[in-house]
Amino acid sequence: MAYNIALFLHIAGVATWFGAMHILAIWLGRTAKAAEGKALADTLQTVHRLNLRTLVPSAVIVLASGLYMLSQHYMNGADIPFWLLFKERFGSLFILAYIIGFTLYSRKLKGAASGSTEQLQQTAKRYTMLAHVTTLLILVVILFATLKFN
């Protein structure tokens with residue numbers, strides 16, 4: 001029963017993290033092209049809050065539930081297939097890098113709010129690119145988990 005709850009939390013966390021990151025990247029990318037000054041600074045502040053209140057907690061849930069499920073595989077003494085090792089090693093490292101990297105970078109967003117419009121647009125474009133790369137890497141891990149390469 002505990003494993004099934006962890007699996008539910010894991011899937012819900014991945015869905016929330018992926019979906020919110022993808023929408024955030026699209027929204028911020030469009031805003032970076034169209035908005036200027038205060039509107040763009042306010043958007044960057046909103047992105048910072050959404051990241052810290054939604055995306056990072058979702059990633060933490062994914063990591064914690066994934067580690068719990070992995071511990072159950074190791075306790076049962078089962079052979080660990082390649083797809084699960086990939087999720088364990090690449091997925092865990094990726095999530096930790098995301099939590100640390102995006103938390104630090106979104107603080108930069110907060111600090112960039114007082115910059116020029118050009119500086120704000122560059123910051124928003126970099127964040128958008130990082131968000132798109134993040135969604136791509138999440139999809140790679142999902143692909144390995146779904147196809148279960150041996």
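Guide: A residue counts as buried under 20% relative accessible area, as exposed over 50%, and as partly exposed in between (1.4 Å probe, protein chains only). This is a predicted model, where local features need pLDDT of at least 70, side-chain atom pairs count only at pLDDT 80 or more, and totals for chains, interfaces and linings use all residues. Residues are numbered from 1 along each chain as its sequence is written, and side-chain values use heavy atoms, with hydrogens and water left out.

Visitor: OK. Is Y127 buried or exposed?

Guide: Y127 is buried, because its relative accessible area is 1%. Y127 is found in helix α4; helices here are DSSP runs (H or I, at least four residues), numbered from the N terminus.

Visitor: How far does α4 reach?

Guide: The 31 residues of α4 reach 45 Å from first C-alpha to last, close to the 45 Å expected at 1.5 Å a residue. The expected span is 1.5 Å times one less than the number of residues. Just after α4, K148 takes a positive phi of about 50 degrees.

Visitor: And which residues have the most contacts inside the largest nonpolar core?

Guide: W17, M21, I95, Y98 and Y127 do, in a core of 28 residues. Such a core is a set of buried Ala, Val, Leu, Ile, Met, Phe, Trp, Tyr and Cys residues joined through side-chain atoms within 4.5 Å. Two or more residues of this core come from each of α1, α2, α3 (82–112) and α4 (117–147), and the largest share, nine residues, is from α2.

Visitor: Where is the kink in α2 centred?

Guide: On N51, with a kink of about 40 degrees. The bend at a residue is the angle between axes fitted to the seven residues ending there and the seven starting there. Helix α2 (residues 37–75) has 39 residues and spans 55 Å between its end C-alphas, close to the 57 Å expected.

Visitor: Switching to the surface: which residues form the nonpolar patch?

Guide: M1, I5, F8, L9 and I61, with about 550 Å² of accessible area together. Areas come from the Shrake-Rupley method with a 1.4 Å probe, and for residues only the protein chains shown count as cover.

Visitor: Which helix gives the most to it?

Guide: Helix α1 (residues 2–34), with three residues.

Terms used: Patches are made of residues with over 30% relative accessible area and no salt bridge: like charges are joined within 9 Å, nonpolar side chains (Val, Leu, Ile, Met, Phe, Trp, Tyr) within 5 Å. A salt bridge is a side-chain nitrogen of Lys or Arg within 4 Å of a carboxyl oxygen of Asp or Glu.
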